[in-house]
Amino acid sequence: MPETVPHVVFRGVSKTFDGVTNVVADLDLEVGKGEFVTFLGPSGSGKTTCLNMLAGFVAVSSGTILVHGRSVEQVPPRKRGIGMVFQNYALFPHLTVAGNLSFPLEVRGVGEARRKKLVARALEQVRLQGFEDRRPSRLSGGQQQRVAIARALVFEPDLVLMDEPLGALDRRLREELQYEIRGLQRRLGITCIYVTHDQQEAMVLSDRVAVFRAGRLEQVDTPEGLYEEPQRSFVARFVGENNRIPGVVEELDRGLCTVRAGSGRIRALRVVPDAVGQPTTVSIRPERIGFAVAPGSYRNEFSARVEDVTFLGDHLRVTLSVFAKRDMVLTIPNTVGHGGVLPGDEVRIGWAATDCRALDCEDDGP
Amino acid sequence: MRRRLRKPALALPLVAFVLVSFIAPILLMLARGVHQPVVRDALPETLAILDAWDGLGVPEEAAFAAAAEELRAADEARLAARIGGRVNRVRSGLRTVIVAGARTGADGAGAGSARERLLAADPAWGDPATWRALRTAGERFTLRNYLNALDLDRGADGAVVRQPEERRVYVPLLLRTLGVSAAVTVLCLLLGYPVAHVIARAPARRARWLLLAVLVPFWTSLLVRTTAWIVLLQQRGVINDLLVWLGLVDDAARLTLVYNMTGTLIAMTHVLLPFMVLPIYSVMQGIPPRFMRAAESLGATPAQAFRRVYWPLTLPGVGAGALLVFILAIGYYITPALVGGSGGQLFSNMIAFHMETSLNWGLAAALGGILLAVVGALYVLYERTVGGENLRLG
């Protein structure tokens with residue numbers, strides 16, 4: 001039976017600290033039960049504020065937040081029953097690992113026998129059995145983060161918030177923990193809202209990603225959707241690598257449009273433009289550009305000069321100048337016979353019209 | 001090698017200064033408590049004879065002869081009064097006996113035996129107790145001052161006994177001093193902890209002003225502050241006037257707030273408050289707000305979050321502040337001297353009395369030594385219970 005009430009709903013939520021600027025403006029978002037949603041955005045885009053409003057640390061200026069269909073404005077943080085993992089772990093330094101884990105149980109008046117069982121189970125979930133009596137300061141960063149996660153889960157909340165929990169860890173550990181968090185969330189069937197500014201992390205973890213920019217939602221979509229079908233050039237730029245070609249709309253069809261960019265004319269998917277003469281940014285992923293083997297193999301085909309070739313193991317990264325643009329990037333897989341492309345070579349490159357998207361004209365915002 | 005020596009060498013002037021002006025005087029003073037060579041140096045032969053004496057009957061003639069001769073020499077060296085004073089501390093009333101003996105020796109050389117001359121000067125020379133007192137005063141190294149400072153005494157057989165109850169002074173005073181110090185510490189903690197919290201949580205600008213307000217008393221002379229309290233607290237003072245004006249206190253029944261223990265408590269708490277606020281503030285400042293948020297998000301009520309997270313995390317500051325205030329309070333001198341009256345005097349005031357008035361420096365040194373030992377014991381106790389690494393002095 002499908003659930004009808006979403007787990008968390010942000011309805012027209014705004015937040016202002018000074019009464020003038022909105023840190024979060026008119027935010028609408030629904031998070032389903034058992035869903036893993038990531039708030040992705042640069043720092044200062046309002047994602048952490050949203051999390052803090054949901055957790056109850058920050059009051060909502062206007063709008064409503066519903067959890068299980070009930071407004072939570074009047075509910076203090078301790079009664080919201082939300083597990084929270086903080087950026088710098090926030091483990092209590094004067095308590096042992098076991099002490100930290102049993103804290104939420106003790107303040108809830110859980111009896112000792114059951115406490116012991118729950119703590120042991122939580123430690124098992126994060127694979128830290130045997131660390132009960134350690135102080136947090138005697139743990140590595142990754143272990144501390146595991147304890148923090150276990151502490152947020154030990155009292156069995158159905159909603160867990162994580163505020164850049166892996167920010168302080170090195171890349172290897174971060175990747176390892178990403179899979180662990182994802183696995184745990186799936187296994188326990190809890191709803192998870194995760195804040196990060198790392199788009200790759202968002203891709204790995206999320207069912208859906210909400211991209212924040214300056215307090216507003218730019219796009220909410222699955223990782224694939226964000227990558228393949230960005231609706232705004234900010235999203236295209238923020239998620240994955242991306243070539244942006246500024247230009248002016250010259251012709252509009254039903255699904256496609258023609259954009260003049262310097263000396264070149266590009267056929268692109270019409271996403272944002274709705275009038276001829278509008279400025280626009282054409283977005284194309286580096287891996288969608290190819291060398292034109294025979295003339296006419298691509299709808300968009302141009303002469304280009306190779307500026308630089310970088311060998312990156314599994315693929316090559318080629319920087320080209322094409323019409324006005326000097327930093328066009330294309331990546332080609334490192335397969336046998338990728339051809340000896342050298343800087344200074346004149347080449348023909350091209351891409352399909354459906355692989356490039358005419359989006360909004362990008363201003364210089366963050 | 002030279003390089004390694006250079007940096008520590010920068011601290012040498014200070015080390016030398018501290019050694020000369022602080023550590024050396026303390027050691028000298030402490031030595032005075034147990035080392036009293038005056039009598040022994042002046043009467044070596046007499047004391048050598050008395051050392052062999054059984055202490056029961058009147059000593060033999062040789063003792064009288066030696067005493068008469070050596071006392072005469074001491075009188076010429078203007079030491080007789082000092083010796084008399086020392087002996088008098090062992091057994092009161094003997095000052096005049098010693099001085100009279102010294103004069104006799106000087107005047108009537110040859111007229112009768114030494115024994116007759118001394119007995120003629122004062123019949124107390126025929127009392128074995130006089131000789132026992134002389135022997136005790138002649139001990140070069142003595143624990144007498146410490147026994148005295150702990151209200152103990154040696155009986156005739158040399159065993160340590162407690163002074164009769166009405167003569168016990170120092171131990172009750174020490175206990176009272178400890179009690180006052182504890183009370184001041186508790187008062188400072190009760191008043192200072194919330195203030196430290198407010199400052200630690202205030203925005204930077206306001207925190208600076210608040211901190212300034214805490215520190216201003218530091219920059220005012222201790223004497224001025226203490227005197228100000230007298231003005232405020234006396235019977236015709238500001239506080240009593242205010243209470244009478246408000247009708248809370250009858251004009252005929254003005255409160256006695258100064259020249260007693262109340263005055264000492266109030267003034268000492270005020271003076272020592274910054275020493276409590278500063279270490280606690282410094283520790284609180286280092287506690288990120290996320291700990292409290294975490295506690296709250298984990299289901300703790302504000303009271304639980306305080307008791308189980310915030311308070312334990314501030315303990316290093318509380319310990320440091322309490323230790324600081326307690327130790328300073330134990331040795332406090334000026335404030336109780338000025339506002340304490342007769343009922344509000346503390347241990348240090350007794351040391352000052354023996355230094356300045358009774359001139360019994362040996363006893364003063366012993367009292368000081370006891371005070372030092374108590375402070376040291378407290379620190380060790382603290383180290384054992386709270387732990388040194390949990391101590392943060394700002």
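How many residues of domain 1 of chain A are in contact with domain 2 of chain A, and how many residues of domain 2 do they meet? The views below, which take up this question among others, are all drawn from a predicted model.

**View 1. The two domains of chain A and the contact between them.** Chain A is divided into domain 1, covering residues 8-233, and domain 2, covering residues 241-359. Four residues of domain 1 of chain A are in contact with six residues of domain 2 of chain A. On the side of domain 1 that touches domain 2, one residue is nonpolar, two are polar and one is charged. Taken over C-alpha atoms, the centres of domain 1 and domain 2 of chain A are separated by 39 Å. The C-alpha atoms of chain A as a whole fill a box of roughly 75 × 45 × 45 Å along the principal axes, and the chain contains eight helices and 20 strands. Of the 366 residues of chain A, 40% count as buried, and among the contacts in this chain with a separation of 6 or more, 64% come from residues 24 or more positions apart.

**View 2. Strands S1, S4 and S5 of chain A.** Strand S1 (residues 8-16) and strand S4 (residues 62-67) of chain A pair in the antiparallel sense, with five bridges between them; within this pairing, A:Arg11 has A:Thr64 of S4(A) as its bridge partner. S4(A) also pairs in the antiparallel sense with strand S5 (residues 70-71) of chain A, here over two bridges, and A:Leu66 has A:Ser71 of S5(A) as its bridge partner. S4(A) and S5(A) form a hairpin with two residues between the strands, and in the turn A:His68 has a positive phi of about 55°.

View 3. A:Val37 lies in strand S3 of chain A, which runs over residues 36-40. This valine counts as buried because 23 other C-beta atoms lie within 10 Å, where 20 or more are required. Leaving aside residues up to four places away in sequence, A:Val37 touches A:Val31, A:Ile193, A:Ser206, A:Asp207, A:Arg208 and A:Ala210. A:Val37 and A:Asp221 are 184 residues apart in sequence, and their C-alpha atoms are 9.5 Å apart in space.

View 4. Phi of A:Tyr89 is near 70°, a positive value in a residue other than glycine, while A:Ala90, which is not a glycine either, has a positive phi of about 55°. A:Tyr89 is buried, with 22 other C-beta atoms within 10 Å, and A:Ala90 is buried, with 26 other C-beta atoms within 10 Å.

**View 5. The side of chain B that touches chain A.** In this contact, 14 residues of chain B meet 17 residues of chain A. The elements of chain B that give two or more residues to the side touching chain A are helix H16 (290-297) and helix H17 (302-330). The largest share, six residues, comes from H16(B). By class, this side of chain B has seven nonpolar, four polar and three charged residues.

**View 6. The bend in helix H17 of chain B.** Although H17(B) has 29 residues, its end C-alpha atoms are only 36 Å apart, short of the 42 Å that a straight helix would reach at 1.5 Å a residue. The helix bends by about 45° at B:Leu315, and a proline, B:Pro316, follows within four residues.

View 7. B:Ala124 lies in the loop between helix H8 (114-121) and helix H9 (128-137) of chain B. With 20 C-beta neighbours inside 10 Å, B:Ala124 counts as buried. Residues up to four places away in sequence not being counted, B:Ala124 touches B:Val97 and B:Thr130. B:Ala124 and B:Val97 are 27 residues apart in sequence and, from C-alpha to C-alpha, 6.8 Å apart in space.

Technical notes: Residues are numbered from 1 along each chain as its sequence is written. Chains are lettered from A and ligands numbered from 1 in the order in which they are written. This is a predicted model: local features need pLDDT of at least 70, side-chain atom pairs count only at pLDDT 80 or more; totals for chains, interfaces and linings use all residues. A residue is buried if 20 or more other C-beta atoms lie within 10 Å of its own, exposed if 12 or fewer, and partly exposed in between; C-beta atoms are placed from the backbone. Two residues are in contact if their C-beta atoms, placed from the backbone, lie within 7 Å. Ala, Val, Leu, Ile, Met, Phe, Trp, Tyr, Cys and Pro count as nonpolar, Asp, Glu, Lys and Arg as charged, and the others, Gly among them, as polar. Two strands pair if DSSP finds at least two bridges between them. The expected span of a helix is 1.5 Å times one less than its number of residues. The bend at a residue is the angle between axes fitted to the seven residues ending there and the seven starting there. Domain bounds come from an automatic or database domain assignment.
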